[in-house]
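Please load the model in a viewer and keep the sequence panel open.

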Amino acid sequence: MKKRIGVLLSGRGSNFEALAESVAAERIPNAEIAIVVSNRDGAPGIQRAESRGIRTRVIPSKGLERETYDRQVVAVLNEHKVDLICLAGYMRLLSPFFVAAFPNRILNIHPSLLPSFPGLESQRQALEYGVRFAGCTVHFVDENLDAGPIVLQAVVPVLDEDTEASLSEKILKEEHRIYSQALNIVLEGKFKIEGRRVIRTN
Ligand code: GRF
């Protein structure tokens, strides 16, 4: 049986696209994207999913209390028998209810080397801080912002001539690469979590 992935997004959807491409090319074997959910109407990621023939659902979050909203999303994910969830530019914190519904089965990609620069505009934060290396992180999701055990990270150098745009572009390329890699590790179940450490097993 193929593992069923649910993707949650709010915007552009380039990470979703990278995952969908890996699934289509069987670089992520025995998996399918069962549903793409957006909390924003008109998210370009939804169009990208539709043009790939992947099921989509827009569930507007505006004005709803966090758990009330999350109950709707969890119901849709369950309806589509989702095994694992990938957040891909999903601009919402998950409620404890959501996290408990999918223990260690929710991944997120963040454009910094966590725990540095959580939250918004991480690439700008990194540039302004003056770090020499930046990067991205795939981690399990808990109810805290950009927290949870780290599955993979990738590093890019920050050059003197870098701007927020050029740094973001370099990081995004690595995001697209490591998200598929991390998803494979998790889908294969070849890991154990000890404290905050995700240890690979074979
Ligand atoms: C990415 O930089 C991701 O790391 C962050 O939000 C951005 C989403 O981009 N969580 P996209 O929608 O996947 O293109």
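Begin by selecting Pro115, which lies in the loop between strand E5 (106–110) and helix H5; helices (H or I, at least four residues) and strands (E, at least two) are DSSP runs, numbered from the N terminus. Display the backbone here: the peptide bond from Leu114 to Pro115 is cis, with omega near 10°. Most peptide bonds are trans.

This is a predicted model, in which local features need pLDDT of at least 70 and side-chain atom pairs count only at pLDDT 80 or more, while totals for chains, interfaces and linings use all residues. Residues are numbered from 1 along each chain as its sequence is written, and side-chain values use heavy atoms, with hydrogens and water left out.

Next, select H5 (residues 122–129) together with helix H6 (residues 164–188): their axes come within 9 Å and cross at roughly 120°. The H5–H6 pair is therefore oblique, a class for angles that are not under 35 degrees (roughly parallel), over 145 (roughly antiparallel) or 65 to 115 (roughly perpendicular). Axes are lines fitted to C-alpha atoms, for helices over the stretch in contact, and angles run from 0 to 180 degrees between N-to-C directions. Show the side chains of Gln123, Arg124 and Leu127 in H5, and of Glu164, Leu167, Ser168 and Ile171 in H6, which make the contact (heavy atoms within 4.5 Å).

Move to helix H1 (residues 14–24) and helix H2 (residues 44–51), whose axes come within 9 Å and cross at roughly 20°. H1 is therefore roughly parallel to H2. On the H1 side, select Ser14, Phe16 and Glu17; these meet Gly45, Arg48 and Ala49 of H2.

Which residues surround the ligand? They are Arg12, Gly13, Ser14, Asn15, Gly89, Ile109, His110, Pro111 and Glu175, each with a heavy atom within 4 Å of the ligand. An oxygen atom of the ligand is 2.6 Å from an N or O atom in the side chain of Ser14. For Gly13, a polar backbone atom is 2.7 Å from an oxygen atom of the ligand, and for Asn15 the corresponding distance from a polar backbone atom is 2.8 Å.

Finally, select Lys81, in the loop between helix H3 (66–79) and strand E4 (84–87). The phi of Lys81 is near 50°, a positive value in a residue other than glycine. Most residues other than glycine have a negative phi.

Technical notes: A polar contact is a pair of N or O atoms within 3.5 Å; within protein, one must be able to donate a hydrogen and the other to accept it, and residues adjacent in sequence count only if both atoms are side-chain atoms.
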